[in-house]
Amino acid sequence: MPASPSPSRLRALRRPPFLLLLLVVGYFTASASAAGELRQVVGRGADGTFFEPFNVTYDHRAVRIGGQRRMLVSAGVHYPRATPEMWPSIIAKCKEGGADVIETYIFWNGHEPAKGQYYFEERFDLVRFVKLVAAEGLFLFLRIGPYACAEWNFGGFPVWLRDIPGIEFRTDNEPYKAEMQTFVTKIVDMMKDQKLYSWQGGPIILQQIENEYGNIQGKYGQAGKRYMQWAAQMALGLDTGIPWVMCRQTDAPEQILDTCNAFYCDGFKPNSNNKPKIWTEDWDGWYADWGGPLPHRPAEDSAFAVARFYQRGGSLQNYYMYFGGTNFARTAGGPLQITSYDYDAPVNEYGMSRQPKWGHLKDLHAAIKLCEPALIAVDGSPQYVKLGSMQEAHVYSSGKVYRNGSMAGNAQICSAFLSNIDEHKYVSVWIFGRSYNLPPWSVSILPDCENVVFNTARVGAQTSVFTFESGSPSHSSQHKPSILLPEVGGSYLSSTWWTSKETIGTWGGESFATQGILEHLNVTKDTSDYLWYTTSINISDDDVALWSSKGVSPALTIDQIRDVARLFVNGKLAGSQVGHWVSLKQPVQLIRGLNELTLLSEIVGLQNYGAFLEKDGAGFRGQVKLTGLSNGDIDLTHSVWTYQVGLKGEASMIYAPGKQGFAEWTGMQIDDIQSPFTWYKTMFNSPEGTDPVAIDLGSMGKGQVWVNGHLIGRYWSLVAPESGCPSSCNYPGAYSETKCQSNCGMPTQSWYHIPREWLHESDNLLVLFEETGGDPSKISLEVHYTKTICSRISENYYPPLSAWSRLTSGHVSLDTVAPELHLQCDDGHVISQIKFASYGTPSGDCQNFSKGKCHSSSTLDLVSEVCVGNNKCAISVSNDVFGDPCRGVLKDLVVEAECSPSSQTKEPRDDM
């Protein structure tokens, strides 16, 4: 049996959290001082500044902040995809994760919903967001565009823009250029007025004009070239005093930085030797479409891509996205993009850290910062060393480094990146007088050209398992059930529901009749997803006789539809079609005499990418015909149609608390379940606590959902294909969005985020408009948090990054520093139970661990003693703590813990 830990070993184990914090702070302080103090945070000064004013320039190597080169890590956060109340914690998580910069697009259609009418409130309060970034001591990269793409409705363009006579988007077109310049100037002037540029004491260090224009410029010919040059000169003429960026623009003018957007950008070279290497969009995940699987990018590959970028001369990298968020209301882009914009980002849709991705990248950023003095000191290219057929080193040093020479005792600044781009083999390489083992598809980082501080394929961060759980009972006590429904058990939201039927076709308001099929957006101006088209057709005795004698039915055909088309005959749904400019052919049942045909065109996000967006439109294209009649086909394209924009309930705002009297609500009956084109409502109380809230709409079909008048967004229980999702995802090898998918055979999205800020303590109004039929009695409301956390650390893993705080002369002996296992619950939660702990040779994965033949019997007690009751804990992984259960065998410490809200568990021990 192993010896029991000594009291001194237990003291090491019980090292208090504040000491760990001091070590981490010390490490970053050492790193900052090594790189030079480049800025001074002064807080919110009386003159409105956040920083001592500083200039931003660049040279061939890096962006210069206050004259100093910097290696910068940027976190993409789109402010309208979260609530203002969420912004501070999201920004704080970016900073804690190692970001120096926050990047965001500007969303033109959110800020100018009608021409000349500007909106900068609530989720679109840009100034508030920028000031919160500054208050955290972070810089801001403002991508003004004003075209955004971003899987955002119409790419960020306001729909009114397409109605300007003679306009063509994103080309040498005077009406478009005039509107673009007006909006860009509006944003720049606002930033200047609020003193938010760096030279004014604000956080803005970079800005972008246009967006990925190089992808489509060729489609516009010479007019595209002229427009690009005009946009660049227009931006430079605004005298912002900081650099402008054009991403994916290889012919960007000399005064504009051209940058890279891709899954990998280590091979990117700017179009001038005077420009640094910048990665504006590091796609660390991908978006999802209705009816598709969910993409994931492994943490190991994301870290590999970033490490390779800095290894090969990169200077600023921005995660797209670091926090993805939610496409609230009708802001999701098209075609057919879902309401969630989680993006598999390090911070998930609900504002929680996604582990191990967040923690693994945090460690990577810390390692890069340790290398910053060497990275900025080398003026030219780093020293390149070929280590094998698919292995190489890039050495950043203030002096010549010899491959076989040891760096021990060498006073020069030196950092190195060792990479193995082989997808299959572990390889040992020889450099600096010693051997280094490189896993497949990985980079090892050596801040002192001697000790490995981080390898992209070896994950030391914990794994977190998110859960949805019921909070307190959510039924509203003030509303008794009006009918008897099947037993509502478990965590279902409510047994009390009311319904109201939506009118099919024309319901009044501003309906009008005209000849021909009108383009959807020309009629709706995107004020609603829905547009009704109604006409009449007379069926003769000959038609009925023909169908009866031949056993056939007539059919309605449309050459092209997008995104959803529904056909009603005499008020009853006959069929539907889903797709992006696909054909529709629907058999119909018609009666003798006059028949009413109603078409419903539905938008599920306007096209957000590509050339000629103003011409894409929506609704129907080509001919609309009724086939199979006795006298031949009838072309309905030029018939008289009556048009109705939107839904009656939508126009009456029956989703708003103050508008409930505008609908005829009745208690829901059994027959109302699975009823299409029906409004449902109920009242509910908020779950207790502060955890994020989600609603499960998996029992519903397709529609929209409101809470207390706030449009959460579209919902749709469209199921992904059964195939295409691997049982496991191997990180090595080039990533694409189809490589590591999940959720096959399941609805693309079932859970929808309800921001806490939109809820009251009790009597919240939930309203749904259901198009295809669903069962609201099975809707549930849950809280979202990290319940299970797991970690595995080997005794030969790297020493904690905090050990580098002991750095005194550029080198440090880390042989005596043991690795550490770290566990942390969400804010407001503590470790309530250690479900598994073993120091030895345990096997398995998170939630499926088992002990091996080698096991220290004291592990569970020791880990429980130091961790239970705390939000986080750190444990040294060594025989000094747990004893040696099997000499000569490499041992791992594996822990699985459970987190609970802090009010539900014991207080931390007094003796810790």
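Which cysteine does a disulfide join to C725? The legends below, which describe a predicted model, take up this pair after an overall view.

**View 1. Confidence along the predicted chain.** The protein has a mean pLDDT of 91, and 90% of its residues reach 70 or more. Over residues 1–40 pLDDT stays under 50, and for this stretch the model has 62 contacts beyond four places in sequence. Residues 473–490 likewise stay under 50, with 39 contacts beyond four places in sequence. Where pLDDT is low, the predicted coordinates should not be read in detail.

**View 2. The disulfide of C725 and C744.** The partner of C725 is C744, with an S to S distance of 1.9 Å, and this disulfide is right-handed because the torsion about its S-S bond is about 80°. C725 lies in the loop between β34 (710–716) and β35 (741–742), whereas C744 lies in the loop between β35 and β36 (751–754), so that the pair ties together parts 19 residues apart in sequence. C725 is partly exposed, at a relative accessible area of 26%, while C744, at 16%, is buried.

**View 3. The disulfide of C414 and C449.** The structure holds eight disulfides, and one of them joins C414 to C449 with 2.0 Å from S to S. The link of C414 and C449 is left-handed, with -75° about the S-S bond. It connects distant parts of the chain, 35 residues apart, since C414 belongs to strand β15 (residues 414–420) and C449 to the loop between β18 (442–446) and β19 (454–455). C414 counts as buried at 4% relative accessibility, and C449 counts as buried at 0%.

**View 4. Helix α6 and its surroundings.** At the start of α6, a side-chain oxygen of N173 comes to within 3.0 Å of the backbone nitrogen of Y176, and just after the helix K195 takes a positive phi of about 55°. The buried residues of α6 include Y176, F183, I187 and M191. Among the elements against which the buried residues of α6 pack are α5 (126–135), β6 (139–145) and α7 (221–236).

**View 5. The cysteine C247.** The sulfur of C247 lies 9.5 Å from the closest cysteine sulfur, that of C260, which is too far for a bond. C247 is buried, with a relative accessible area of 1%.

Terms used: Residues numbered from 1 in each chain as written. Heavy atoms only, no water. Buried < 20%, exposed > 50% of the residue type's maximum accessible area, 1.4 Å probe, protein only. Helix = DSSP H or I, 4+ residues; strand = E, 2+ residues; numbered from the N terminus. Contact = heavy atoms within 4.5 Å. Polar contact = N/O pair within 3.5 Å; in protein donor to acceptor, adjacent residues only side chain to side chain. pLDDT = per-residue confidence, 0-100. Disulfide = S-S within 2.5 Å.
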